Amino acid sequence: MEKRYLKNEQMLSREENLSLREKRVAVIGCGGLGGHILEQLARLGIGYITAMDGDVFDETNLNRQLLCHTRNIGRSKALEALEHLQRVNPGVQVQAIDCLLTPENALTVLAGNDAICDALDNMPSRMLLQQSAQSLGIPLVYGAIAGWYGQVTTLMPGDSMLESIFQGGNERGIETELGNPAFTPALVASIQVAEVVKILTGKGELLRKRMLMINTLDQEYEVFDF
Amino acid sequence: MQIKVRLFATLREGRGKERMEEVADNTTPAHIFQLLDISPKDVAILLVNGMDGKPDQILKEGDTVSIFPPVGGG
């Protein structure tokens, strides 16, 4: 066992720790949520990571997007993710896809993964991702943020909850009025990564058919069943 | 009948986090939205007694309606 992974134990057994090296996880979105998710997956030692994003870094990303700094404004988020992750952990293989998720590419990009992270920022893309994950039979960890608020749930193959959480029919949510601070994507991303590790190792209880609602303004954390 | 309404995130503005509402029998969550001046498009998640609810379902005495706005950033 490489020293770099020792502190994954014994919350993970030696076998579980080693098994992460064989796992494949796709992260769709390399912005607020995606940056933190990718960083953590690489440090944990997930062997094969796909980082997908069609966007470039913008100055307004600097307040919260981990992968964004003053020298990469204007550069591809996915390609910057690749470069950063290769420095964090050269032992994991990273595939960067610098385009948006579309109906034409979704199944090809996502196939073969053991888990997928939703780090997107709009409802239509999230619905496409969810449908694609379902048709491929791949677990999907959904996360969403807005200001002081966040949500996380895990959709296993066969689960369906699009209608339940997207009832208003909007493309975007209250994040358009509230913005997002540095801490909200970090918090929600961390919970998403914990869910991924549990999917990959079979440990613990997933947020399956239930949603964790986070409110850091009032420090309220509640899980609701669906 | 008495219905408990729990509001989340920005829906609390001007409304509070929890309210008891006296409503007529056969009231639905859609009626509650109107009562509280909440547009249906501002509701992403509706729960009745903590479980997935429908705007047109008939509520009973003592039910709890939880209303969440859309949260979609990433």
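I count two residues as in contact if their C-beta atoms, placed from the backbone, lie within 7 Å. This is a predicted model, in which local features need pLDDT of at least 70, side-chain atom pairs count only at pLDDT 80 or more, and totals for chains, interfaces and linings use all residues. Residues are numbered from 1 along each chain as its sequence is written, with chains lettered from A and ligands numbered from 1 in the order in which they are written.

**Chain A.** I looked at contacts between residues at least 6 apart in sequence: 67% join residues at least 24 apart. I then listed eight helices and eight strands, taken as DSSP runs numbered from the N terminus (helices H or I, at least four residues; strands E, at least two). The radius of gyration, over C-alpha atoms, is 16 Å, close to the 17 Å that the globule rule (2.2 Å times the number of residues to the power 0.38) gives for 226 residues, so chain A is as compact as a globular protein of that length.

**Contact with chain B.** I found 32 residues of chain A in contact with 20 residues of chain B. Elements of chain A that each supply at least two residues to this side include α2 (32–44), β5 (140–146) and β8 (220–225).

**Sheet in chain B.** I traced an open sheet of five strands, order β2-β1-β5-β3-β4, with mixed pairing; strands pair if DSSP finds at least two bridges between them. Its edge strands are β2 (18–22) and β4 (51–52). β3 (residues 45–48) and β4 of chain B pair in the antiparallel sense over two bridges. I checked B:Val48: its bridge partner in β4(B) is B:Met51.
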